[in-house]
Amino acid sequence: MPSYITRLLLFLSSYFPLFVITSIIYFEKIKWYSLLFTLVGLVGVLGMLIYLRYASTLNAIKVKVKVHQRKDGEAMSYILTYLVPFVALPSDGWEKLVSLLVFFLVLALLYINSNMIHVNPMLNIFGYRIYELSMDDGAIHALITRR
């Protein structure tokens, strides 16, 4: 299982497209907020790419897989949360801004604590596929691969 920081970076990268959408929506009203969202999303994408680069340098091990199942198809259900900025359009009050931040915080905690790395559209965009592997010994692991 990836570390807590790695899962946080994977979460941030999974919402990069939403961060860009939110940045565009908020750009005229709150420029610093817009730029902050873009910066956070970029940190997530760069963190994801660094993690994947590091993981590709690790020594390969042979394992006996009992069952494999492709898991990146679940990313489409994740897209529903991309509607948030259109529902929570900018307003003059700080309440919508805080409520949107609380929503992202709850999503982050769910994503990180549930180890939902298989729900990440950015991995799909960069050409990675995610499989859930069931081993002979009963262990279940996620495999991120371009092959």
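The expected span of a helix is 1.5 Å times one less than its number of residues. Helices here are DSSP runs of H or I with at least four residues, strands are runs of E with at least two, and both are numbered from the N terminus. Helix α6 (residues 94-113) has 20 residues and should therefore span 28 Å, which agrees with the 29 Å between its end C-alpha atoms.

This is a predicted model, in which local features need pLDDT of at least 70 and side-chain atom pairs count only at pLDDT 80 or more, while totals for chains, interfaces and linings use all residues. Residues are numbered from 1 along each chain as its sequence is written, and side-chain values use heavy atoms, with hydrogens and water left out.

The protein chain holds seven helices and three strands, in the order α-α-α-β-α-α-α-α-β-β. Of its 147 residues, 37% are buried. Buried means under 20% relative accessible area, exposed means over 50%, and partly exposed lies in between (1.4 Å probe, protein chains only).

Return to α6. Leu97, Leu100, Phe104, Leu107, Ala108, Tyr111 and Ile112 are its buried residues.

Next comes the interior. A nonpolar core is a set of buried Ala, Val, Leu, Ile, Met, Phe, Trp, Tyr and Cys residues joined through side-chain atoms within 4.5 Å. The largest one has 24 residues, and Phe11, Tyr15, Tyr33, Met48, Phe104 and Leu123 have the most contacts inside it. Helices α1, α2, α3, α6 and α7 (121-125) each supply at least two of its residues, with the largest share, six residues, coming from α6.

Helix α6 also gives the most, six residues, to the lining of the second largest pocket. That lining has 15 residues, and Leu12, Phe19, Val40, Leu101 and Phe104 lie nearest the pocket centre. On a 1 Å grid over the protein atoms alone, a pocket is an open set of points where a 1.4 Å probe fits, with protein on both sides within 12 Å along at least five of seven lines; lining residues have an atom within 4 Å of a point.
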